[in-house]
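I opened my notebook to look up how this protein is laid out. I wanted to go from the whole chain down to single residues.

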Amino acid sequence: MDKKQIEEMAMKLQRTGQSDRARWLQTIDQKIPALFKKRIVENDKSVLRELIMPSWITWEFLRDWALDDAEEVRCSSCGLVTENFTNFKNITICNECLESLRKM
Ligand SMILES: [Zn+2]
């Protein structure tokens, strides 16, 4: 879920008269500090007990939000952003490159 999707969600809430929710979404970056965001990425649900979160916010939503902003991983070989990769001796290599290396 990127910033644009969050904004769209907020606008939809605004239109349906749920401006409190819209406002919460628009300030989500301030509501959830970076340290907590990192823990959400790590699937640490104890965050929910430590932060005061509105009841309509689901864990799935938070994960979606946090994961989108997570640091991008780039392949050391082809330089593309990748989600499926292997770390090999401090080198990040995407599955595609790994596959072509195996074939060599
Ligand atoms: Zn690659």
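I started with the distance between the domains. The C-alpha centres of domain 1 and domain 2 lie 32 Å apart. I keep in mind that this is a predicted model. I then looked up the bounds: the domain assignment puts domain 1 at 3-69 and domain 2 at 74-104.

Next I checked the overall dimensions. Along its principal axes, the C-alpha trace spans about 60 × 30 × 20 Å.

Then I turned to the secondary structure. I found 7 helices and 2 strands. Reading from the N terminus, I noted the order α-α-α-α-α-α-β-β-α. I also looked up the radius of gyration. It is 18 Å, well over the 13 Å that the globule rule gives for 104 residues, so the protein is more spread out than a compact globule.

How many of the residues count as buried? I got 9% of the 104 residues. I looked at contacts too. Among those between residues at least 6 apart in sequence, 21% join residues at least 24 apart.

My next entry is the core. Which residues make up the largest nonpolar core? I listed 5: Ile40, Val47, Leu62, Trp65 and Ala66. Helix α6, residues 59-69, gives the largest share of this core, with 3 residues. I wrote a general reminder beside this: in soluble globular proteins, nonpolar side chains tend to be buried together.

Last, I picked out Trp65, one of the core residues. I left aside its neighbours within four places in sequence, and found Trp65 in contact with Met1, Ile6 and Ile28.

Key:
Residues are numbered from 1 along each chain as its sequence is written. This is a predicted model: local features need pLDDT of at least 70, side-chain atom pairs count only at pLDDT 80 or more; totals for chains, interfaces and linings use all residues. Domain bounds come from an automatic or database domain assignment. A nonpolar core is a set of buried Ala, Val, Leu, Ile, Met, Phe, Trp, Tyr and Cys residues joined through C-beta atoms within 7 Å. A residue is buried if 20 or more other C-beta atoms lie within 10 Å of its own, exposed if 12 or fewer, and partly exposed in between; C-beta atoms are placed from the backbone. Helices (H or I, at least four residues) and strands (E, at least two) are DSSP runs, numbered from the N terminus. Two residues are in contact if their C-beta atoms, placed from the backbone, lie within 7 Å. The radius of gyration is taken over C-alpha atoms; the globule rule is 2.2 Å times the number of residues to the power 0.38.
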